[in-house]
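Colleague: Could you take me through the salt bridges in this structure, and then through the parts around them? I would enjoy one connected account with the cut-offs spelled out.

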Amino acid sequence: MSVRAADPPVVVIGAGLAGLWAALNLAPRRVVLLAGGSRHRTSSSSWAQGGIAAALGPDDDPGAHAADTMAAGAGLADPEVVRALTEAAPEEVRRLFDAGVPFERDAGGGWVLSREAAHGRARIARVGGDRAGAEIVAALVAAVGAARERCGGHIDLRRGVRAKGLQIDDQGHCTGVLAIDDRGRAQPIPARAAVLATGGVGGLFEVTTNPTANCGLGLAWAARLGARIRDAEFVQFHPTAMKLGETPAPLATEALRGEGAVLVDRSGRRFMPDLHPDAELAPRDVVARAVHRHDLEGGAWLDARSIGPDFPRRFPTVFEACRRAGLDPREAPIPVAPAAHYHMGGIAATLDGETDVPGLFAIGEVACTGAHGANRLASNSLLETVVMASRLADRLRDADAPSRRANGRDLPGADLPDAALDRLRAAMQRGAGVERDASGLARLVAEIDRLETRHGTSDPLLVARCIAETAAARTESRGAHARSDFPAASERARPSTWRRAGACPRSDRVSLTRSRPISDPTLEPAR
């Protein structure tokens, strides 16, 4: 396929795993890849420790992987999306390996696989022990550099240029991206398709494992265009962020528990065997609530001394974080507490990245495909990211350029001053944390109202309101959404929908829709 220079490019916002893999796979289609400014140089992808889940072992298959994913999703995972995701997983890992990602292999050429919580068997393809995200992103950055030469420069990588919003025409089609360079100069970029690969919302919380710049900006921009936001209340808190005095909190990878590390209280007693038959390998929401309660009652620790003297080689990221704090995990347990980690909700999208705004696509954590339901299965996040990026590229590579319409307008986002953002993060931690109730959510919404009165509807406030309002509307406990005033799950699982008031003619700002039985007959949980 030949591409004329006059053709508008695909503009990809975000140079984490989703953006890099999409850009590579779009060749030879012309791509503008916005890598962001100083506040956006680090992506959550780079900090991922576990790896990518895929049925690569001789005792595994995509059906078993799908069943574990459905079971973890607490009734809200979409079976068709889950099936497509898990079936694509092995080939996507092989393609990443061929692109230069150094997944660990054994002497016979087989994959070295780890087991993580709620997986029925070892199926996590890993890199460098606990350095999967950093190593994968580094390999793809190198591949992008090579592709820019090999494919005649199809990728225009713009470092220091960050998006500030989107453009829309009089028919409601997204037609371009508003960007600014590191000198503050505006750079409107017309686009045949705008692709949001902007990550999650963890930076909205006071205690998080994410880069603090991850405040859901892409979600806010999409909401301003009238995009449907799905399941925003489901924020996953990783149960074992290390309490070592750092912000963001360093992560103690779930693979440690897969290798035998255990959770203990202040007296050194294990507490998970009393709470779940899978103990430390129970689903993340179960472990996070248990750690949260023990943290409030005197503390929780991850005892990983059983890993032994090889700890620094097998888990170098965790060991280095402990070393900075003066702690040796070979000799003493690690203090831990839950931290905001991953957003199961996001812009409603297909597995190809299509949203309900023509011309606007979303991939990775900013999107919600229904693959994770109410609780993400460990290491399915990087998997969904690469599968979505590949499928998006297949869809857009040969697509005709959309016709241009008149009377277009800019829909820029808006920042929040640092002091106000700190107030919001503290309010989100109190009101929309591991456990929620009506009074706490009402206080959170009131604080958002006060901040909006003073600072306007900034992007972080828009996303925080979306999470708070959908959490208040879901009067049940399901997966990562735990309501102390509604501790039971309802009889039927219903996704939620949120739209920004005034962004579309619909009157239902928050709704719970398309209820279905919790037990799906086509994918029973693995026994």
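Modeller: Happy to! A salt bridge here is a side-chain nitrogen of Lys or Arg within 4 Å of a carboxyl oxygen of Asp or Glu. By that criterion, the search of the whole structure returns 39 salt bridges. Please keep in mind that this is a predicted model, in which local features need pLDDT of at least 70 and side-chain atom pairs count only at pLDDT 80 or more, while totals for chains, interfaces and linings use all residues. Residues are numbered from 1 along each chain as its sequence is written, and side-chain values use heavy atoms, with hydrogens and water left out.

Let's begin with aspartate 60 and arginine 123, whose closest N and O atoms are 2.8 Å apart in a salt bridge. This pair links distant parts of the chain, 63 residues apart: aspartate 60 sits in the loop between β3 (52-53) and α3 (62-72), and arginine 123 in the loop between β4 (113-114) and β5 (124-125). The element names come from DSSP runs numbered from the N terminus, with helices being H or I of at least four residues and strands E of at least two. Aspartate 60 is buried at a relative accessible area of 10%, and arginine 123 is buried at 0%. For these labels, buried means under 20% relative accessible area, exposed over 50%, and partly exposed in between, using a 1.4 Å probe and protein chains only.

Two strands count as paired if DSSP finds at least two bridges between them, and β3 and β5 have two bridges in the antiparallel sense. Isoleucine 52 has alanine 125 of β5 as its bridge partner.

A second salt bridge joins the side chains of aspartate 156 and arginine 158, at 2.9 Å from N to O. Here aspartate 156 is partly exposed at 30% relative accessibility, and arginine 158 is partly exposed at 25%.

Arginine 450 and glutamate 447 both belong to α13 (residues 438-455), three residues apart, or about one turn of the helix. Their salt bridge brings the closest N and O atoms to 2.7 Å. Arginine 450 is partly exposed at 48%, whereas glutamate 447 is buried at 9%. Salt bridges with shared partners also join Asp60, Asp68, Arg121 and Arg123 into one network.

Glutamate 280 is another acidic residue to look at, in the loop between β13 (262-264) and α8 (284-296). It is buried, with a relative accessible area of 5%. Its side chain reaches the backbone nitrogen of leucine 263 at 3.0 Å. Leaving aside residues up to four places away in sequence, glutamate 280 has contacts (heavy atoms within 4.5 Å) with residues including Arg257, Arg270, Met272 and Val287.

To finish, look at helices α12 (residues 418-431) and α14 (residues 459-473), which pack at an angle of about 10 degrees with their axes 11 Å apart. Angles under 35 degrees count as roughly parallel, so α12 and α14 are roughly parallel to each other. The contact is made by Leu421, Leu424 and Met428 of α12 with Pro460, Leu461, Ala464 and Ile467 of α14. The axes are lines fitted to C-alpha atoms, for helices over the stretch in contact, and angles run from 0 to 180 degrees between N-to-C directions.

Terms used. A polar contact is a pair of N or O atoms within 3.5 Å; within protein, one must be able to donate a hydrogen and the other to accept it, and residues adjacent in sequence count only if both atoms are side-chain atoms. Angles under 35 degrees count as roughly parallel, over 145 as roughly antiparallel, 65 to 115 as roughly perpendicular and the rest as oblique.
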